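Reader: I would like to go through this model with you, one feature at a time.

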Amino acid sequence: MNKHDVIIIGAGLSGLSVAHFLKKARPDIDLLLIEKSDRPGGAIRSQETEGFLAEWGPHGFLDNIEEARELLDDLDLGDEVQKAPLKKFLRYICRDGRLKVLPQTPPAIISSNLLSLEAKFRMLGDLWKKPLSHEQTIADWAAHRFGKAILPIADIAVTGTYAGDIEKLSIDAAYPGMRLLETEYGSVFKGAIKSRKGKARTGMPSMVSFKNGMGQLITTLATGNDIALNSAVWDISRGDDGWYLETDTGGYSARNLVVALHINRALPMLSKLTAAPDQSVSEAIVYNVVMGFDEQADIPYGFGYLAPKVENRFALGSLFPTHMFPGRAPAGMKVLEVLIGGTRNPEHLSLSDDDLVEIAYADVSQLIKLPQKPLFTKVLRPEIGIPQLEIGHSRLQDYREKVETDFQGLYVNGFGWEGIGVNDMIKMAKRSAENLLKGVGGTRGPATVKGVYF
Ligand SMILES: Cc1cc2nc3c(=O)[nH]c(=O)nc-3n(C[C@H](O)[C@H](O)[C@H](O)COP(=O)(O)OP(=O)(O)OC[C@H]3O[C@@H](n4cnc5c(N)ncnc54)[C@H](O)[C@@H]3O)c2cc1C
């Protein structure tokens, strides 16, 4: 059996990013990716149908994380990169059955008309509220620091990322940078201002995608890599001189092993080495109902809108790629992508395509002036769910550090260990690659403070 320097299990964004950073540092490295499905990319998949380009998973990522900017620069995709600056593109929140512009930063929220004067004063309570000592849900934490009126805004920030529940997600695990501002500076507002001091002003970030959608990132990253497709790994073991893997397509061995999987795929695998405290985390599945219209569709200029739970609507929200990323609909047409399900409405996922289209159209057309009926529809039903970093998640993060420390040559990253976004994956992947080259494991990344989170 040929022994590789490195085997990476999983050719999603995480695995491919680890491969990128390893090869960048050591171009001669003997590296193999092993992938269960018949294509790389995992949750990232773009689909073009009848001239409409839509996404099964992420629509983009913000260029406010150093590691992701580095990756983007390395790939040198030039004009293929599409950037939608937050400063120019508005986001909307559905409140009282209408779309309202959503301010992007805490000072902008305070100066907006989205909150009453009393609620704005209460937000300033953040300046003197003592940090809560133990792990908090996002809802409890946000209500303590800013008052309950902020909860619908916290809800949509979470809906737009985790498609999850603010009453279950942990602020410590899901937004460690926010928690850091509170614990280090005593207040999120003070921390946001002080942590920016001395740093170059970068302004508002942009949402990044590519002319052929997010799938183009995967195609580019996958090029030149040795990937064994259709090879589910079902056993890993450590011998005296490295790692052994059993897969659908035979056995493999390597000196170093990177497990770059969704946390719920990694936990059963790692448990064979040493028992994990939990076997899985909750997941949020989000379907995308894609609708094409003629030019009469009066889609507001911006990224899209999100609806908080209190609005009790069918759709979680809708994205406006027509404005964000031009070229995703045939000439003279416009496209809307309507998000359904999440942890809020998992029952909607069992509806037929026809029902999803009909109910989603009826819901969205109450908010946006749309023609009688869509001229194109397509329902995308991803099977990969967004892992939920709920209260108690740090047990799993501690477990991951312990496994990496106890088992030499093992590196673990991927969807749901330390965050869920594209940026989080690239950041973790870079650290795994650096640790592997240094031969050290068991490190958790420092919390990153960001000006904009979703
Ligand atoms: C609906 C949805 C919308 C999203 N929207 C956004 C967004 O707008 N912005 C953003 O930043 N992020 C978003 N994300 C998150 C983003 O997609 C993820 O951060 C990223 O794709 C995770 O990549 P990964 O490689 O860690 O995991 P995955 O994508 O899950 O890839 C893991 C790979 O491992 C393979 N695999 C699994 N088991 C095995 C096995 N036993 N053996 C071999 N291979 C195996 C899988 O087939 C898969 O290819 C979204 C995710 C979803 C699901």
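Author: A residue is near a molecule if its C-beta atom, placed from the backbone, lies within 6 Å of it. This is a predicted model, in which local features need pLDDT of at least 70 and side-chain atom pairs count only at pLDDT 80 or more, while totals for chains, interfaces and linings use all residues. Residues are numbered from 1 along each chain as its sequence is written.

Reader: How many residues surround the ligand?

Author: The closest residues to the ligand are Gly10, Gly12, Gly42, Pro58 and Gly421.

Reader: Which helix gives the most to the shell around the ligand?

Author: Helices here are DSSP runs of H or I with at least four residues, strands are runs of E with at least two, and both are numbered from the N terminus. The elements that give two or more residues to this shell are helix H1 (13-25) and H15. The element that gives the most, with three residues, is H1.

Reader: How far apart do the C-alpha centres of domain 1 and domain 2 lie?

Author: The bounds come from an automatic or database domain assignment, which divides the chain into domain 1 (3-44 + 213-280 + 389-438), domain 2 (46-65 + 81-87 + 283-387) and domain 3 (105-196). The shell around the ligand draws at least three residues from each of domain 1 and domain 2. The C-alpha centres of these two domains lie apart by 31 Å.

Reader: Is Ala163 buried or exposed?

Author: Ala163, in the loop between helix H6 (151-159) and helix H7 (171-174), has a positive phi of about 50 degrees although it is not a glycine. A residue is buried if 20 or more other C-beta atoms, placed from the backbone, lie within 10 Å of its own, exposed if 12 or fewer, and partly exposed in between. Because Ala163 has 25 C-beta neighbours inside 10 Å, this residue counts as buried.

Reader: How does Asn230 count, by its C-beta neighbours?

Author: Asn230 also has a positive phi of about 50 degrees although it is not a glycine, and is found in the loop between strand E10 (227-228) and strand E11 (233-239). Because Asn230 has 13 C-beta neighbours inside 10 Å, this residue counts as partly exposed.
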